[in-house]
Amino acid sequence: MEVPFMRFLSNVRPKWITALCLTVILLCSSVPVAVAERNIIDEFSSSPSDFDLKRYLYFGTNAIRIHDRQTNTDISVNFPTQNLQSGYLTGKGAVLVTRTKSGTGWDDYSYSLYEWSDGSVRKITDGIVNDTMRNNGDYIAFVVRTDGQQHVWLFDKRDHSYRNITNENNYPFLRLISLSPQGHLAYTTTDNKLVLYSNGHTELTDITPEDNIAYDGSKLVYDDYVGTTPGNERYAILVLENGQRNELSDTNYYYNRSPLPFLFNNGWIVYQKQSQHILRSPEGEETGLTIPLSDNGVVIPLFLSSSGEVIYGSEKYYWYTNSQMNGSAIITESIHDSLLPYSGYSYFRGFEELEDGKIYGIMTDYMDFDQDVLFEYQPVPAQIKDIYVQGEINQLTKGESMQLNASAAPPYATETALLSCSSSDESVVTISCPDDGSRYYVSYTITAVGGGTATVTITAKDTITRSWDINVYSPLEGLSLDHSELTLNTDSNKTAQLQAIFHPADATDKQLTWTSTNPAVGDVDQNGLVTAKTRGTTMIKASSGAFTANCIVTVQSSQTDTTPPVIFAAYAAIGGKNYPAVIRPHTNTIHFTLPGSLPDSAMFTGISVHASPDTKSGDFTVSGFTRSYSFTEGVAQFTVQQLLGPEFDPLGDGLSVRTLRKFGGLTLTGTLTDYNGNVTQGKLILHME
């Protein structure tokens, strides 16, 4: 069954149609969804006007050429008239339509029908209405305008016989011709009544179809008006068979719907019911067809074969201003790599089902009309070639989850997808999706479990994969060292490796800086390796962002140490908090500057001094009184009562900040003595802001 509009395009081929291209999807009752595997039969520089299994038909302005595909020979025939318009191969040769008179309006043009057979050319008739030509199977139907009347003629391509159907029944033609491959005709009269012609018998019916009819001699399919809804006239598809008229359910559509709402061939019908296309068998059994959507979301039936195969293409609407060309153009895109360079945008010229039962088509490169191919259209299952992922998320924060979608591609693939998901490191990222392994489309959840990088993979058919990396950010919450104290020796055991411990362990902020408060005693590199330099004490600090961890390192020596004790830290306890002092090593001064924001009621309860581990004792003098104190592993602690005497702290609970402000602070002098007798002179200053 021919698609008239596509045949019309194949004859006219205006320049602005070069944007046309084809994506064709084949569906049939036995194969739910299939893609056309285009088996290229021939390539040529100019598309023929018609073809069959043995011949190509070409025509120019006043000559035709028939190419024998088997012998690769040509026969050329000159015509006595100019302006050949279209042509069709027949069993004995060809029939051609020529324009014999030009005019300013469409109705002013005059066309004639010629036949070529047995090496000669003869005219059949004048007055052809060119846009009424129907070519299907062994017959051509056309309309002839004579004496103000229009008559339907039927031409048999097998023996070149023809007859005036209208003269036989005296039912004047108005519009709509349906032609089956067996020569069954349907058309409407001037009062819009439907006439059916089959095997020499004509019947005038009471049917008044609207726009579309199809008739095969026993079954009639047509559309008809069924009612009105606000703002829209509504129509339905009906089937007439064995005297019974049946309306296909849920087929109401709007009048401006385009293109044809149904296709019909050899008893098969394909039509749309609501949002689904239905294939109806000659016996009346219906099968819902799963049709993949194109990029613009719409597909339409282009061709229905005699065995019930349906070829679909994507649809866009392009309305033409010429009244004889109204309708919609079909814009599609080629999808099969074997047609390169035709796999880009191509001008598709329709399908033909030839006598061998196979479907053929011609495609033209829209960039170059001199590049054409003839191909056999073969339905094969569409294979999965890729996986489409809705957003490849690359960055997540620990604890975050996202739900996304993945599907096998292309969307019209028919293979079992067997989609599955996996993660290369589930301590960093987990991915979950349905585990039945058979879904074409999955909704999967990605969860960031811990800091680091993991590769997630979605697999189809166990061989096709889509993988990408996900980086998970885990913020640092704390820092510590594997040792809080170390003892080294300048003669042996000179180095020690410190390890930083990040909290949590999977934190991704792991930039470390290592420093020593007294590198002359003990130094540290940026890998945390501590090296003893000379006898004394230092503090090793590891820093990452806002977090710091410390280790006190004591360096000993087997040689007699003449180095005096060193103070490296001191803290004043006020109001339950420790306030650090600034240590000035060159004068061994402990300098406290207490904030002025301290409340008067806060109590100063004592001081702790951190010095070299071998510091034995010390003394200090305040207001003429000298007091002694001892160190334990380099640390001395004393209360205000011990520091100043009971006269200043009779209850032993300290000295108030109000009193300190009254005194203006404290200044003490004193000494430190280590076990080797080395003495350090020092000073303690407590100053209020």
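Biologist: Leaving aside neighbours within four places in sequence, which residues is Asp 50 in contact with?

Modeller: Arg 55, Tyr 56, Leu 57, Gly 87, Tyr 88, Leu 89 and Asn 135, where contact means heavy atoms within 4.5 Å. This is a predicted model, in which local features need pLDDT of at least 70, side-chain atom pairs count only at pLDDT 80 or more, and totals for chains, interfaces and linings use all residues. Residues are numbered from 1 along each chain as its sequence is written, and side-chain values use heavy atoms, with hydrogens and water left out.

Biologist: Why is Asp 50 called buried?

Modeller: Its relative accessible area is 5%. Buried means under 20%, exposed over 50%, and partly exposed in between, with a 1.4 Å probe and protein chains only, so Asp 50 counts as buried.

Biologist: What does the side chain of Asp 50 reach at 2.9 Å?

Modeller: The backbone nitrogen of Leu 89.

Biologist: What makes strand 36 and strand 37 a pair?

Modeller: Two strands pair if DSSP finds at least two bridges between them. Strand 36 and strand 37 (residues 441–448) have four bridges, in the antiparallel sense, so they meet that definition. Ile 431 stands opposite Ile 446 in strand 37.

Biologist: Which residues form the covered face of strand 36, and which the uncovered one?

Modeller: Val 429 and Ile 431 are on the covered face, Thr 430 and Ser 432 on the uncovered one. In a regular strand the side chains alternate between the two faces of the sheet.

Biologist: How do you know that strand 54 pairs with strand 58?

Modeller: They share six bridges, in the antiparallel sense. Ser 617 stands opposite Thr 673 in strand 58.

How values were computed
A polar contact is a pair of N or O atoms within 3.5 Å; within protein, one must be able to donate a hydrogen and the other to accept it, and residues adjacent in sequence count only if both atoms are side-chain atoms. Helices (H or I, at least four residues) and strands (E, at least two) are DSSP runs, numbered from the N terminus.
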